[in-house]
Amino acid sequence: MGTRIPSHQLSNGLYVSGRPEQLKERQPTMGSRAVPYTGGDVKKSGELGKMFDIAVDPNPLNGPPSSRPSRPSSSSQHNSGSVRSGPNSGPLGTKSSGSGPIPKKSSGPLPLQPTGLITSGPLGSSVGRRSGQLEPPASLGKAVYGSAVTGLNEEVRLRFKVSKPVMWVLLVVVVMGLVVGAFLTVAVKKLVILVAVAAILAPLVVVILWNCAWKKRGLIGFLRRYSDAELRGAIDGQYVKVTGVVTCGSIPLESSFQRVPRCVYVSTELYEYRGWGGKSANPKHRFFSWGCRHSEKYVADFYISDFQSGVRAVVKAGYGAKVTPFIKPATVVDITKENRELSPSFLRWLADRSLSSDDRVMCLKEGYIKEGSTVSVMGVVRRQDNVLMIVPPAEPVSTGCQWARCLLPTYIEGLILTCDESQDDADVIPV
């Protein structure tokens, strides 16, 4: 007699062999909690807010505390394994011990900058120590920067560079002309020959004096006439000039006297006039001229958005890079013999730098490139890991011979920064 095989009917009406499966109650694998709608607010985003050390709203649903979901029971946590048990268990950022939880040491908050960059340090002009800037003490007004900010202590050096063979040929021609002219003048006893030799050498002397006088003006004119390039089509290693709006990097700078925040370049210089028998501002200070007594110039890495293509690039001006700025400063303090009244802010600025305020003719000049300004940068394009950068060239850049202006080749080193002199704070684009 055969054994009957049991069968059962499914919910859809189909008969299948075997006994129906007994459904067992499954244990919860992890505690569940309602996820509120944050609306894009970081303070209501729970763990995301904790990542940036932002105060998290304990009641994101804006309801009474009793309406919030309760924590899972200890038994469900033990079975699920979502919270580790043992001596090291506890909330994130604390370590349990006999005396209670010890808060985890943090190196500082990671705020969101207005430019969208995640950097270390608080928002505004002050920057944390990890980013390279040391915050000045509250009692002093002088900022002290780290290695991430380049200090420009040297003056802009412009020099001519003519090949040595040409220099030797010119020197030999000049010496031979003078010797022959002097000999013929003595032999023939006529000054006409010496005058003729002087007339031949005079244009050479005029060209040299002209280049010495117009060297900087000729270079600035060359930089303005240099055509802009598109960053989108620039190749690696190409020397380009890019004009666009600048934004601060991880280290925004601040001018030392006017306290202008969020700058990519700042310059403050104190000049003194030396008359007959006056005190010299520096070892190279001549009589009846202005000399620089104190100088503070800083520049850091920043971003520039190309006007032509809209592409954004990093300008590597920090960490000791060679930078040559052509930013004309403005006079903010002018102390003359008639006007000897010193403002309290200027006296405080002098005292912070241990500078005397005795009977001297002084003027304080300050220049800066504020975030949102239109700037032209000249440098070499570098592409690395999908990051577009503008770096200083390895060799000095020459302007070439400008025959129409009778100017010899002028050589300049490093990144070149230029800005329109007529630009003021009203022309700054909010970013």
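Hi everyone, and thanks for coming. First, some ground rules. Residues are numbered from 1 along each chain as its sequence is written, and side-chain values use heavy atoms, with hydrogens and water left out. Because this is a predicted model, local features need pLDDT of at least 70 and side-chain atom pairs count only at pLDDT 80 or more, while totals for chains, interfaces and linings use all residues.

Let's start with confidence. pLDDT is the predictor's confidence in each residue, from 0 to 100. The protein chain averages 75, and 69% of the residues score at least 70. Where pLDDT is low, the predicted coordinates should not be read in detail.

Now to the helices. When I say helix or strand, I mean DSSP runs numbered from the N terminus: helices are H or I with at least four residues, strands are E with at least two. UniProt, in an unreviewed entry, places the feature "transmembrane region" at residues 166-185 and 191-214. UniProt positions are given here in the numbering of this model, feature names are shortened, and annotations may be inferred rather than shown by experiment. In the model, residues 166-185 are 100% helix and 0% strand, with end C-alpha atoms 28 Å apart. Residues 191-214 are 96% helix and 0% strand, and their end C-alpha atoms lie 34 Å apart.

Helix α3 covers residues 164-188. How far should its 25 residues span, at 1.5 Å a residue? The expected span, 1.5 Å times one less than the number of residues, is 36 Å, and the end C-alpha atoms are 36 Å apart, which agrees. Which residues of α3 are buried? They are G177, G181 and T185, where buried means under 20% relative accessible area, exposed means over 50%, and partly exposed lies in between (1.4 Å probe, protein chains only). An α-helix has 3.6 residues a turn, so residues three or four places apart point the same way. What covers the buried residues of α3 includes α4, residues 191-213.

Next is helix α5, residues 215-225, where G218, L219, G221, F222 and L223 are buried. These buried residues pack against several strands, including β9, β14 and β21.

Let's follow β14, residues 323-326. V323 and P325 point one way from this strand, T324 and F326 point the other way, and all are buried. In a regular strand the side chains alternate between the two faces of the sheet. β14 pairs with β21 in the parallel sense over four bridges; two strands pair if DSSP finds at least two bridges between them. P325, for example, has L417 in β21 as its bridge partner.

Now for the loop between β9 and β10, which holds R259 and R262. Most residues other than glycine have a negative phi, and most peptide bonds are trans. R259, though, has a positive phi of about 60 degrees, and R262 has one of about 50 degrees.

Both arginines also form salt bridges, meaning a side-chain nitrogen of Lys or Arg within 4 Å of a carboxyl oxygen of Asp or Glu. R259 pairs with E254, the closest N and O atoms being 3.2 Å apart. R259 is partly exposed because its relative accessible area is 36%, and E254 is partly exposed at 22%. R262 pairs with E371, at 2.8 Å between the closest N and O atoms. That pair links distant parts of the chain, 109 residues apart, with E371 in the loop between β16 and β17. Is R262 buried or exposed? R262 is buried, at 14%, and E371 counts as buried at 11%.

Another salt bridge joins K316 and D301, at 3.2 Å from N to O. K316 sits in the loop between β13 and β14 and D301 in the loop between β11 and β12, so the pair ties together parts 15 residues apart in sequence. K316 counts as partly exposed at 28%, whereas D301 counts as buried at 17%. Salt bridges that share partners also join E272, R293 and R360 into one network. How many salt bridges does a search of the whole structure find? Nine.

Note on methods: Contact = heavy atoms within 4.5 Å.
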